[in-house]
Amino acid sequence: MKTFRLMNPLGGVLPFTFLPGQFLTLTVLTDGKPVKRLYTIASSPTQHDYVEVTVKHEAGGVVSGYLHDRVKEGDLLDCSGPTGSFVFTGRECKCILLIGGGVGITPMMSVIRYLTDRAWAGDVYLIYGVHAPRTSSSGRRSSTSPAATRTSARSSPCRTPRAPTGRARRDGSRRS
Ligand SMILES: Cc1cc2nc3c(=O)[nH]c(=O)nc-3n(C[C@H](O)[C@H](O)[C@H](O)COP(=O)(O)OP(=O)(O)OC[C@H]3O[C@@H](n4cnc5c(N)ncnc54)[C@H](O)[C@@H]3O)c2cc1C
């Protein structure tokens with residue numbers, strides 16, 4: 001996974017606003033043809049100077065491969081949006097349970113960062129599944145919030161297990 005920080009090339013604040021959970025459309029030129037892919041904004045809307053997108057490198061993937069292997073700091077990217085109605089701003093209900101896996105954590109990162117930036121009073125629970133430790137998009141920057149409760153689960157074992165493994169069940173227990 002790589003996280004890209006996108007800023008206004010003209011300087012200053014972003015030329016758009018967004019809600020936590022929304023995504024951008026990135027267009028890259030490969031073999032002279034424009035190819036579009038969607039990437040969820042993982043940063044918080046409270047940050048007006050940049051957005052961050054976290055991209056998983058898909059083996060043989062056109063756009064994720066381009067972003068991972070060819071894009072350098074300072075390059076211009078064609079990006080449009082934001083779009084999407086899978087959003088949570090804290091007004092919808094009084095607590096939230098987020099369930100995600102792998103790079104699907106990206107909208108949840110934005111939601112959690114936004115809620116904690118705004119000192120949202122509700123409880124935030126996160127159940128997060130990864131195939132293996134390297135799949136995690138959070139890494140160093142996983143500081144979602146001390147206020148958020150995070151439960152991680154891996155489907156494969158690791159040498160220093162710190163989180164339960166197996167699949168979550170409806171009653172909250174887990175099955176290996
Ligand atoms: C709303 C939304 C939000 C998203 N947010 C994120 C995000 O935050 N982060 C993220 O990483 N991704 C996100 N995605 C996924 C992202 O949009 C891309 O689909 C992903 O990056 C793969 O694109 P790609 O061009 O790299 O791969 P593609 O070129 O589309 O290929 C995908 C896979 O299919 C295989 N493939 C392609 N063509 C063929 C073929 N002809 N035969 C057999 N196999 C083939 C490739 O080898 C590759 O493994 C999101 C998608 C949606 C819909």
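How many residues surround the ligand, and which are the closest?

**View 1. The shell around the ligand in a predicted model.** This is a predicted model, in which local features need pLDDT of at least 70 and side-chain atom pairs count only at pLDDT 80 or more, while totals for chains, interfaces and linings use all residues. Residues are numbered from 1 along each chain as its sequence is written. The ligand is surrounded by 19 residues, the closest being Gly-60, Gly-61, Val-62, Val-63 and Ser-64, where a residue is near a molecule if its C-beta atom, placed from the backbone, lies within 6 Å of it. At least two residues of this shell come from each of β3 (33-40), β4 and α1 (62-69).

**View 2. The largest nonpolar core.** This core has 25 residues, and those with the most contacts inside it are Ile-41, Val-53 and Ile-112. A nonpolar core is a set of buried Ala, Val, Leu, Ile, Met, Phe, Trp, Tyr and Cys residues joined through C-beta atoms within 7 Å, and buried means that 20 or more other C-beta atoms lie within 10 Å of a residue's own. β2 (23-30), β4 (50-55), α2 (106-117) and β7 (123-130) each supply at least two residues of this core, with α2 giving the most, 6 residues. Because domain 1 (2-83) and domain 2 (95-171) both give residues to this core, it lies between them; the domain bounds come from an automatic or database domain assignment.

**View 3. The elements of the chain.** The chain has 2 helices and 10 strands, which are DSSP runs (H or I, at least four residues, for helices; E, at least two, for strands) numbered from the N terminus.

Note on methods
Buried ≥ 20, exposed ≤ 12 C-beta atoms within 10 Å, placed from the backbone.
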